[in-house]
Amino acid sequence: MKTMQPRPLSTLSLIVLHEARILVRDRTLLLVCCVLALMVGYGLFVGLAQATLRDRMVAQVLKHQQETQTANSGMLQSVLAGQTALIPFSNPANPAAMAGTLSGRYATMPNAPLAALAIGQSDMMPNYYRITYLSKVQFMYDTEIENPWNLLSGHFDLAFVIVFVLPLLVTTLGYNLLSAEREHGTLRMLCSQPLSIATLMTGKVIVRMLALLAIAIPVPLVVLLLIRPEARGAEQLVLMLSWSALVAAYTLSWFAVAALVNTVGLSSSTNALIMVALWTILVLILPVTMNLAVGLVSPAPSRTELANRTRVATAESLREYEDLYSADYRYASDPEALLVKNERIEVPSRMRAFFLAKQKVDERIEPLLKHFDQQLLQQQKLVDRLSLLSPAMLVNEALTSIAGTDSRRFLAFKDQTEAFHKEWRQYFSPRILESRAMTMRDLSSLPRWHWIEMPGSEIRWSIWWRAILMLALASVLGGLALARSSRRSIE
Amino acid sequence: MFAIIAAKDLRVLTRDGRLLWAGGLVVILMLVALAAGWNRQVQLNSERSAGQALDYDAWLHQGYRHPHDAAEQGMHVFKPEPSLAVFDPGIGPFVGSTVWLQAHRQSEVKFRPAQDATGLQRFGELSPAWLLQVLLPLLIIVIGFNSVSDERERGTLRQLLSLGAPARSLLYGKAAALASCVGILIAPVGLAFAVLIVARLPAGERVDVVYRIAWLAAGYGLYLGFFVFLTLAVSALARSSRTSLVLLLGFWVAATLIAPRTASEATNLLHPTPSRLDFDNQLAHDVADAGRKAWSTHFGARTPWDPSVPLSKWGAALKVDDEAGYGALDENFGRLWDTFERQQRAQEWVGLVAPVVALRGFSMGLAGTDFSQHRDFSTAAEAQRRKIQNIVSEDLIEHADRLGNAHFTYKAGPELWATVPQFKYELPSVSFALAHHWASLALLAVMFCLSVALAQFALSRPLMR
């Protein structure tokens, strides 16, 4: 020790070294790092399991789609060749059957490459819809199956570890930055050295923060890069960078809070109490209160009202197409009537009625459904603004949008699905109305689903402004702490 | 001696800023939560009962129509909100409340409020139950962590012991002081709320709700009592106030925040929930299987709706087809719901280290917002659907099957619609909830006794170390 001469920068490095040695020797740092490593590992495992499950579902759905398509074209071939006995509801030459029961079309949304970083809404919102001519009310409100108790508890994913647990570990390491020195009687001794309190505190924070970040940031990213090849693109690397910046800024701002609290000159216990109180308010109370506020300011329309309107619309369309619904039905006794003649086929009037009635129902309740989506977007905008009140909300929003499991992406999926559903109906509408039989060519030209990813620039912007805001917050708090520590006596 | 200690401690606590600030915040949040929940419930209940009545009225007056088309329009039924949902919404935000009873489809309860909310919903729902489960233990810790250790550090413990104060009086006096602080905060609000709720109810439902409130009070009493004695025990055992605080906060974080999530992840591994796709595929497969068997035994047909079955048998065929599916539906949904219940039962064991898990289940159960009561409603709704379906099929066999190819020209009238009874669902009674959740209550009682024993042990050791 005595070989070192006190130069400005080397004082800091001396403190860093000294702190590191103490923290390693008294095992606190080791314990905290082990806890963090375990939690990060477990959170990542949970996220990866969920992402894999979702990947598998999309793959299965696509496989099912492929199989149905093959089966349909085989069946159609034999129907056109007159080799198969016809079953009214499963005749692929019949456009109404093709649009409904036989349709093997799905709208799917793939996982974003970094999905394992946060589960977000993905345990609740569906990542595929089966597309038929059914009304939106009948298929758009299916949700993923999950035990409601577990939805209520929430998942132990990486976002939880970062948003909830990381600040607590920061508190554990930082609540007594200066107060412990004072209580041990060593602060007086330190102050007698050519050393400012600001430098002392900076050194202490650097060691602790580097130790936490050395686990929280590289572990998940390296694991992702190793086992998920789709995470290796340039765009993903930029996202990972923003993720790292966000986590670092969030950690730094909690350390800055700890430093600021320490400069007040209270006892360690009081400091711990203040830190926990701040954590409770910012991470627990504000988000649930804001959730309540968002619901009050911009409430979702009534679902009961939707049920009522659906009933009225269904009744009206049943009445409108009553003649079609109650027409004679001779196809069971006379299957010949279902044969394709000159590329024409008799679409059973009941089936035509189903198609038209569902379309009518959707047209009638469309405005109300739109209102639901608009209101959700409105709520999301409100959340964006309110999240400025709590770093936990801010970071949580950003983490889920990096993982692509935020409400916005699911809403975009729902939007695109609705458009595709419309396209699907429009494709079949003239065929059903004009009794045009499906041909082999038609079968290969059915509308295809393409998921259009949300624009990268939009996501990047929404993440970076949050990261920058967090950094700004951290530097303001840190600056305050440093200024206070240099101006005031803290003995 | 007991009373003197309690009175002195209570005075110290009320003069301390911690209780004033933290307690004030809790009371304000409690009032906000109650007001919001109340407002929501009044609105929902009036909307739903109006919706239900309108829906049945529309069913009765739907005019002349083919019965199968009537079943297509179907009926909507709404889950009534139990009155204590204001106190604990339970799984409410994550399960739906509306069922559209239609032909051919197992009615699923739809429209989860969480679907109409942003990701913020996942931070939790501000409810009185949440406050009592999560924030009040923290409050107890914050005001009580130094109740013994501080006396030791200041040297007043030595004086107290020199006066001959027995350890038992010291323990119960301090416990009484802590408990009364909590009591002062929640009792007035709780009492006012209970009176308001009970007064609003029709006389027939009052007794049930009063029982529920009493059981809830017992459950929360045990839970908060556990934290009171644990805090005192740790405060007496720890070397310093600082250690006591760090230990207690660590326990609180682990037990109320981390344990519930870990428990639900762990039980998910133990009893995996199927994905929707797997579930749907299995269900479709089983229904189709059952259908094929039924069609071949009843009509000798290879496939359902085989052309060999004439239209004059479609009413009968519909009945056969539907009834064949019932078994598969019951089995598949039963299996899924059993999985959910098994997951929850497995989690209750976590209550041995984290009492909040046991309390949460108990609280939801008694408030009427847990899964078993949701399941009860879903089953009742499905029974109603089957009732409609059976009435429709019988009527088709009797009238439409005679018409041959003109099957679908048949139209039934108001007499038939009136034979379908209105859907009347009564929430299960308190004994239903207790039968499902007595184990959680027992667990809470055990935890409470353990904490008392620990505190007694801690204070019976030589206190001056």
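How many residues of chain B are in contact with residues of chain A? In this predicted model, in which local features need pLDDT of at least 70, side-chain atom pairs count only at pLDDT 80 or more, and totals for chains, interfaces and linings use all residues, 75 residues of chain B are in contact with 79 residues of chain A. Contact here means that the C-beta atoms of two residues, placed from the backbone, lie within 7 Å. Residues are numbered from 1 along each chain as its sequence is written, while chains are lettered from A and ligands numbered from 1 in the order in which they are written.

On the side of chain B that touches chain A, the elements that each supply at least two residues include α2 (17-60), β1 (75-78), β2 (98-101) and α11 (314-348) of chain B. The largest share, 13 residues, comes from α9(B). Helices (H or I, at least four residues) and strands (E, at least two) are DSSP runs, numbered from the N terminus. By residue class, this side of chain B holds 36 nonpolar, 23 polar and 16 charged residues. Ala, Val, Leu, Ile, Met, Phe, Trp, Tyr, Cys and Pro count as nonpolar, Asp, Glu, Lys and Arg as charged, and the others, Gly among them, as polar.

Most residues other than glycine have a negative phi.

| Residue | Phi | Loop in chain A |
|---|---|---|
| R27(A) | positive, about 65 degrees | between α1 (8-25) and α2 (28-80) |
| S435(A) | positive, about 55 degrees | between α17 (407-433) and α18 (440-444) |

R27(A) counts as exposed because it has 10 C-beta neighbours inside 10 Å. S435(A), with 15 other C-beta atoms within 10 Å, is partly exposed. A residue is buried if 20 or more other C-beta atoms, placed from the backbone, lie within 10 Å of its own, exposed if 12 or fewer, and partly exposed in between.
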